[in-house]
Amino acid sequence: LVLDQGQDGACTGFGLAGESESSGRSVRIAGKDQSAGALAHYVQLVWVIPEMDGLFTGPASERRRLLDRLMLAIDPKMSGPRGRYDRAMRQRSRLFQMREGSPALFAAARLEAVARLSTLIEATHEARGPGPFPFAMLSLEGTLERALMERPAVEVEDDYVTLLSETRERDKLSGRALAGPHLSDLIVIHGPHDAPAGDCSSGEQKALLLGLVLAKARLIRELSG
């Protein structure tokens, strides 16, 4: 996939010039190899595929992926902090020294993304009335997200690091950290029925998902012009 063939062009694919096809996916911008997250500065993709049908009834990790794609569409530079946090969670001892790319940063970015999308959905519903797809009411459920609604990010960050230190033995027994933005969930309510998306019929869930994807596309258009 070539996004721009100019001097600063970006391309991604398998087996780019000089590489074997078995080397995996590569990203190259202005002739230099980059991380996949760098593409967010060049193009914003919005998609819906059959595998997303179980979004509202499946694990929270799927909804976090949808949320983070929205977050990165609004603020591409958050790909760095999010990636560093994911790596730090896999290497637990690093998290206690980490400040750059802190979990509070991208937890706050998630909150902003949900707030922006919710505002657009509400405004669209008020302006157009009922449409072919039901409107959604969105919220975030998570330890850091709840704290960030009431307190400064610096305080939330310090408390989270302290919590991780205090629960190290517990987390060691469980094999994972039992608190943090890697466990947050995007809560989606079917607006016209005022019902959790997971309780709706499969047809209603599909319509709700399409409405969310289209709202995301409108938000990207508004922000990017």
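Trainee: Which helix gives the most to the lining of the second largest pocket?

Mentor: Helices are DSSP runs (H or I, at least four residues), numbered from the N terminus. A pocket is an open set of points on a 1 Å grid over the protein atoms alone, where a 1.4 Å probe fits, with protein on both sides within 12 Å along at least five of seven lines; lining residues have an atom within 4 Å of a point. With five residues, the top contributor is H7.

Trainee: What kind of model is this?

Mentor: Residues are numbered from 1 along each chain, and side-chain values use heavy atoms, without hydrogens or water. Local features need pLDDT of at least 70 and side-chain atom pairs 80 or more, while totals for chains, interfaces and linings use all residues, as the model is predicted.

Trainee: What volume does the second largest pocket have?

Mentor: Grid points are joined across faces, edges and corners, and the volume is the space filled by probe spheres set on them. For this pocket that gives about 340 Å³.

Trainee: Which residues lie closest to its centre?

Mentor: The lining holds 18 residues. Closest to the centre are Thr124, Gly131, Phe133, Pro134 and Arg218.

Trainee: And how much space lies in the largest pocket?

Mentor: Its lining has 23 residues, with Ala36, Gly37, Ala40, Arg69 and Leu72 nearest the centre. Helices H1 (60-74) and H2 (79-90) each give two or more residues to this lining. The space is about 710 Å³.

Trainee: Which helix gives the largest share of that lining?

Mentor: The share is five residues. They come from H1.
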